[in-house]
Amino acid sequence: MPDGYKVPVMAKVTFTANLRQHVECPPIEAPGRTVRDVLDAAFRENSKLRSYVLDDQGAVRKHMVIFVNGRAIADRATLSDPVAEGAEIYVMQALSGG
Amino acid sequence: MSDRIYAATRKGLFTIDRGPAGWKVSRAAFLGSTAGLVLIDRRTGDVFTTLGHGHFGSKLHRSTDRGGTWKEIGAPAYPKKPEGLSDKDGGGNEIDWSLKAIWALAAGGPNEPGALWAGTIPGGLFRSTDSGATWSLVRPLWDNPKRHEWFGGGADQPGIHSVCVDPRDARTVRIGVSCGGVWTTRDGGETWACTADGMRAEYMPPDRALDPNIQDPHILVQCAAKPDAMWVQHHNGIFRTTDGARSWTEITTATPSVFGFAVAVHPKDPETAWFVPARKDEYRYPVDGKIVVSRTRDGGKTFEALRKGLPQEHAYDITFRHALDIDATGSRLAFGSTTGSLWVTEDQGDSWQTVSEHLPPIYAVKFE
């Protein structure tokens with residue numbers, strides 16, 4: 001295995017049930033070592049979903065929140081938070097949005 | 001004459017039809033979601049509506065069967081903001097290059113099938129050439145340095161709420177910006193000029209009150225038969241042009257007030273226009289709690305306050321900028337309110353019928 005090669009890990013992404021009335025969003029297993037990588041992979045399967053979760057600059061929408069294993073991610077702009085094998089990612093509504 | 005009205009509301013899109021028993025709500029779509037605007041594309045009959053999902057962003061849907069079924073289409077999206085770029089509005093606030101709301105929708109000309117325009121917050125104008133499947137930002141306007149003088153009016157960031165495509169030449173388009181005055185292109189969007197000379201802003205320091213580029217037109221409308229005749233309900237008054245927005249004249253005679261959000265112009269008679277007035281700016285409720293529509297038939301020299309059939313006691317309905325419409329014949333008008341009332345006239349406003357007093361807050365009203 002060449003230096004620097006990282007074995008992709010798989011994470012499970014679950015979307016808030018409130019999104020289901022607008023767009024299909026079943027839970028999905030997707031590969032990646034950061035939240036960005038995992039979500040990019042998930043949106044490749046379901047492109048319409050992207051704009052419901054991320055804004056035009058690719059940041060998390062203001063009133064959305066993403067959890068990795070129960071902790072809200074720190075980097076809402078570029079989603080660089082690391083993801084470990086088997087991580088559970090939840091994309092939820094923030095209560096700040098009412 | 002149109003027998004159908006669409007009402008976009010806080011809790012969905014309602015279809016109202018005129019049947020043997022009068023005007024009745026016949027269908028509700030997108031219940032629970034906020035519908036903000038309706039566009040009827042007269043070239044095809046297609047109906048478009050915007051949905052503003054608070055958490056999930058603004059989306060666009062199209063119906064090709066008069067509102068029977070809907071399909072989500074593309075929504076305008078801003079391009080990647082260059083790394084390190086500072087893009088501030090006229091109030092010194094950094095502009096986020098991300099769609100906040102679709103605030104205007106218009107169809108292109110008859111010789112431009114599939115062409116649509118969308119005005120948005122935070123100030124970008126978008127054009128589609130494929131009936132809304134994809135959109136692109138009109139860069140010459142977005143990149144115009146004078147855009148940085150615009151600021152938010154009615155929203156945190158500047159927005160384009162009116163797009164008027166000239167029926168004589170679809171390359172001529174005039175837009176209304178809160179707060180950025182009126183802008184005109186005569187070459188389909190390649191070059192733009194601010195065309196709000198004559199407007200006056202009470203909310204600015206005296207030395208900037210006449211600056212065309214900070215004016216707050218609440219809505220801009222155009223007479224279909226005489227496109228050089230346009231009306232603006234402005235933040236602090238009513239303005240009119242008869243020379244295609246080259247110059248504007250303030251109209252001070254409207255009763256019972258010159259404040260409001262909405263205006264409709266007769267499609268054939270540029271001298272006839274309707275307004276839904278309110279007590280000004282810092283209060284924003286109908287004068288004396290009485291709902292009236294004010295109408296001029298002489299280009300703003302005189303106005304009548306029309307009230308037959310409208311509530312005249314403790315009524316606090318406000319009509320927003322897109323919530324007054326006139327049909328293509330000019331005889332029927334409808335307006336909706338923040339408290340969910342919807343009224344229709346079939347005699348140019350002489351008398352009004354109540355369609356409902358219990359709809360959700362109404363943002364836009366459109367005749368089919």
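Me: In which loop of chain B is B:His314 found?
Reply: The model is a predicted one. Within it, B:His314 has a positive phi of about 45° although it is not a glycine. The loop that holds B:His314 runs between S23 and strand S24 (324–326) of chain B.

Me: What is the order of the strands in the open sheet of 4 strands in chain B?
Reply: Strands of a sheet pair through backbone hydrogen bonds, either parallel or antiparallel. In this open sheet of chain B the pairing is antiparallel, and the order is S20-S21-S22-S23. The twist from one strand to the next averages 30°.

Me: Which strands of chain B stand at the edges of this sheet?
Reply: A strand at the edge has a single partner strand, so one of its sides is left without a neighbour in the sheet. In chain B this applies to strand S20 (259–265) and strand S23 (304–306).

Me: What is the bridge partner of B:Trp274 in S22(B)?
Reply: Strand S21 (residues 273–278) of chain B pairs with S22(B) in the antiparallel sense, over 3 bridges. In S22(B), the partner of B:Trp274 is B:Arg295.

Me: What is the bridge partner of B:Ser294 in S23(B)?
Reply: Strand S22 (residues 293–296) of chain B pairs with S23(B), also in the antiparallel sense and over 3 bridges. B:Val293 and B:Arg295 point one way from S22(B), while B:Ser294 and B:Thr296 point the other way, and all are buried. In S23(B), the partner of B:Ser294 is B:Ala305.

Me: Which residues have the most contacts inside the largest nonpolar core?
Reply: In soluble globular proteins, nonpolar side chains tend to be buried together. The largest nonpolar core here has 107 residues. Leaving aside neighbours within four places in sequence, B:Ala7 is in contact with residues including B:Phe14, B:Ile16, B:Leu342 and B:Val365. The residues with the most contacts inside the core are B:Ala7, B:Ala262 and B:Val263.

Me: How many residues does the second, separate core have?
Reply: Apart from the core that contains B:Ala7, there is a second, separate one. Among its members are A:Ala11, A:Phe15, A:Ala30 and A:Val68. The number of residues in this second core is 25.

Me: What radius of gyration does chain B have?
Reply: Chain B contains 1 helix and 28 strands, and its C-alpha trace spans about 60 × 50 × 40 Å along the principal axes. Buried residues make up 51% of its 368 residues. For that number of residues a compact globule would have a radius near 21 Å, which agrees with the value for chain B, 19 Å.

Me: What pattern does chain A follow along the sequence?
Reply: Chain A has 98 residues, and its radius of gyration of 13 Å agrees with that of a compact globule. Buried residues make up 30% of the chain. Its secondary structure comes to 2 helices and 5 strands, which read along the sequence as β-β-α-α-β-β-β.

Me: How many residues of chain B are in contact with chain A?
Reply: On the chain A side, 13 residues take part in the contact. On the chain B side, the residues divide into 6 nonpolar, 5 polar and 2 charged. The number of chain B residues in contact with chain A is 13.

Me: Which residue does a cis peptide bond join to B:Ile121?
Reply: The omega of this bond is about 20°.

Definitions and conventions. Residues numbered from 1 in each chain as written. Chains lettered and ligands numbered in written order. Predicted model: local features only at pLDDT ≥ 70, side-chain atom pairs only at ≥ 80, totals over all residues. Contact = placed C-beta atoms within 7 Å. Nonpolar A, V, L, I, M, F, W, Y, C, P; charged D, E, K, R; others polar. Rg over C-alpha atoms; globule rule 2.2 N^0.38 Å. Buried ≥ 20, exposed ≤ 12 C-beta atoms within 10 Å, placed from the backbone. Pairing = 2+ DSSP bridges. Axes fitted to C-alpha atoms, helices over the stretch in contact; angles between N-to-C directions. Core = buried A, V, L, I, M, F, W, Y, C linked by C-beta atoms within 7 Å.
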